[in-house]
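Visitor: I'd like to learn how to read strands and aromatic pairs in a model like this. Could you walk me through it?

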Amino acid sequence: MIYDSILSRFPKTGQILNLSEPTNYNIRFDGAVIGDNLGANEIVADIDNDGQPDLVMAAPIAGNNGRAKSGSVYVIYNSLLKQFAGTGNNVDLFNTANFNIRIDGDIVTKSVGIGYGAMCIADINNDGTKDLLIPSLSSNENGRTDSGVVFIIDSRLLSNYTGTGNIDDLANSTHYTLRIDGATAYDEFGVGDYAGDIDNNGKTDLIIGADDASYNSRSRNGHSFGQLTG
C-alpha cells in the first residue's frame, strides 16, 4: 500500500518509485507460505459498515486445511490497517494477528481456488450493508470440471467474527449464504462479476461471466448470466 503522502513526493514526469526502499511504501503484505500467490486480486471497500475502507486480498493458490490450491481470501479491517503507521511496514499474513478473517476455499483444484476472478462487494440482499462475492473459477462442483462457482457471503455472517485470526472455511455450508455453480464443465464461471440495479427497481442485481463457456455449438464463445431481484 502506498498512501498519497508518498505519491505526492513525485509531482513531475519520468520519476521512479523504487519499492526496494522501505521509505517508498507504507505497508507490504507478505503471503503466508510459499506459492500462495497473494495479491492476485484486491478490493478496497467498507466491509464492516463502519464508514471506513477495508482491504480484501486474494491468495488463490493457497492450500489451507490440506486442500491444495483451494485458495484463500483475507479480510483486513481499517481498524487493523491503522495500526501500521509511517513507512516500511512489512505485514506477514502467516501471523494470524495480522488479519481479521481468512476465508478458505472448499475443495482442491488443479490450478486456482477462490479469489481468482472478479471479487465483488455489494449489498446483495438489500439490507443496507455490504456483502462479499468470491469466485472460484476452477471449482468442480456437481462433478463438472472447472465449471466454477461464486460464493455470496452475507454481511451478517462476516459480522459474527470479532478480533483477528478468524478462519471462515467454505467447506462448511453454514459459512456462506449462497453458492452459485457454473452450468457446464470448463465454463470458468465467475471470471467477471457485476452488481448493480440493472432493472431500475431499487434492488441489487447480478451479472456473472463465464468466458470459457461453449454454447450454440461455438467453442469457448463465453456467456454472462443475469440474475435480477424481484
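Visitor: Which residue in β3 is the bridge partner of E42?

Guide: That's M57. Keep in mind that this is a predicted model.

Visitor: On to the rings. How many aromatic pairs does a search of the whole structure find?

Guide: Two. You describe such a pair by the distance between the ring centres and the angle between the planes. Take Y74 and F99: 5.2 Å centre to centre with 75° between the planes, an edge-to-face pair. Y74 is in strand β4 (residues 72-76) and F99 in the loop between β5 (89-92) and β6 (101-104), so the pair ties together parts 25 residues apart in sequence. Both Y74 and F99 are buried.

Visitor: Why is the pair of F151 and Y176 edge-to-face?

Guide: Because planes over 60 degrees apart count as edge-to-face, and the planes of F151 and Y176 are at 70°, with the ring centres 5.1 Å apart. This pair links distant parts of the chain too: F151 is in strand β9 (residues 149-153), and Y176 is in the loop between β10 (166-169) and β11 (178-181), 25 residues apart.

Visitor: Are F151 and Y176 buried or exposed?

Guide: F151 has 0% relative accessibility, so it counts as buried. Y176, at 16%, counts as buried as well.

Technical notes:
Residues are numbered from 1 along each chain as its sequence is written. This is a predicted model: local features need pLDDT of at least 70, side-chain atom pairs count only at pLDDT 80 or more; totals for chains, interfaces and linings use all residues. Side-chain values use heavy atoms; hydrogens and water are left out. Rings of Phe, Tyr and Trp (its six-membered ring) pair if their centres lie within 6.5 Å; planes under 30 degrees apart count as stacked, over 60 as edge-to-face and the rest as tilted. Helices (H or I, at least four residues) and strands (E, at least two) are DSSP runs, numbered from the N terminus. Buried means under 20% relative accessible area, exposed over 50%, partly exposed in between (1.4 Å probe, protein chains only). Two strands pair if DSSP finds at least two bridges between them.
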